[in-house]
Amino acid sequence: MISGPDAVISQPSFKIVVETKLNGNFDIPQLIGHLDAFENEKYKVLLTLDPKPMKEQIRNKLQNVLYKYNEDNNTNISHFNTTFEEILKNIEAIIDERDYDMQDVLQDYSEYCYSEGLIPDSWKRMRVQLAGTTLDINKKLNLYYDSIDRNFSEHDYLGLYNQKSVRAVGKITAIILNKFENGEWIYVPEKGTLTDDIKNKIVEAREDAKKYGYDMTNSRYFVVDEFYETDFKKETPYAPMGSRMFDLTEVLGTDKLPSTKDLADQLRKKTWR
């Protein structure tokens, strides 16, 4: 028995039939079975969605079968294959950075995709965080802290934004949760290893935070190899809302990332919007 599509998006003039897979195992008979879901719409699209692009052999076979189906049934169904990451990038490209409501929706979608492994590319991703009063201590201690309650998706690099530019970048080596429970500080490694050096840095960061009245009782610390100074300028006005995620291979135009120091040097020659 062939199952129905995963989703249908339609209005009187168009219909998009969606089939989603997580490991590329698209089945041609199943996809052809979905074609019966179309009726008299002007625009008919079969959308296949997966974390990775459809294998060329399957795409070509589907295209040939679809061509014959359209001829035999006098229809004009098109096939479009994409990934969760491509959807994210396309939406990012058209949303105004001041449309805060849509930016929030986009951020939620991004976090969901990365947390569920739908975009499994943490090795090439840099999260940029605002660092105002704490920029100097962040660079000194090679760490950045945030609330435990703040959601984030997997990423290997962390950038610090201040005054219209990313001023420092480091590669994450450890992520430590720090809680104050029953009169004592608890340290829980989420990534990497908790060392005495890291613990001492966290204590120093907590003491420094008192100057600004920050509540540090439940914090998450991102420890990097080293924060290398850079100058990755933002071309457009307004600071980014919350965090901002970058695909570094796309920014640098490469399939392989350099050392963190070289990455910082190369980012000086780049800009972003």
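Helices (H or I, at least four residues) and strands (E, at least two) are DSSP runs, numbered from the N terminus. Everything below comes from a predicted model, in which local features need pLDDT of at least 70, side-chain atom pairs count only at pLDDT 80 or more, and totals for chains, interfaces and linings use all residues. Residues are numbered from 1 along each chain as its sequence is written, and side-chain values use heavy atoms, with hydrogens and water left out.

**View 1. His155 in its loop.** Let us start with His155, in the loop that links β6 (143-147) to β7 (157-161). Is His155 buried or exposed? With 3% relative accessibility, His155 counts as buried (buried means under 20% relative accessible area, exposed over 50%, partly exposed in between, with a 1.4 Å probe and protein chains only). The side chains of His155 and Arg127 form a polar contact at 3.1 Å. Such a contact is a pair of N or O atoms within 3.5 Å; within protein, one must be able to donate a hydrogen and the other to accept it, and residues adjacent in sequence count only if both atoms are side-chain atoms. Beyond four places in sequence, His155 has contacts (heavy atoms within 4.5 Å) with residues including Ser122, Lys191 and Met245.

View 2. Helix α2 (residues 56-73) has 18 residues and spans 25 Å from first to last C-alpha, close to the expected 26 Å (1.5 Å times one less than its number of residues). Its buried residues are Ile58, Leu62, Leu66, Tyr69 and Asn70. They share one side of α2 because their arc around the axis is only 95 degrees, taken from the directions from the helix axis to the C-beta atoms. The cover over these buried residues includes α1 (28-34), β3 (43-50) and β4 (77-83). On the face turned away from the buried side, look for exposed residues, among them Glu56, Lys61 and Tyr67. After α2 comes Asn74, with a positive phi near 50 degrees.

**View 3. The largest nonpolar core.** A nonpolar core is a set of buried Ala, Val, Leu, Ile, Met, Phe, Trp, Tyr and Cys residues joined through side-chain atoms within 4.5 Å. Of the 16 residues in the largest one, Met126, Phe232, Phe246, Leu248, Leu263 and Leu267 touch the most other members. At least two core residues come from each of β5 (125-130), β7, β8 (165-181), α7 (248-252) and α8 (260-267).

**View 4. The buried side of α8.** Thr260, Leu263, Ala264 and Leu267 are the buried residues of α8. They lie on the same side of α8, because they cover an arc of only 100 degrees around the axis. Their packing partners are β5, β7, β8, β11 (228-234) and α7.
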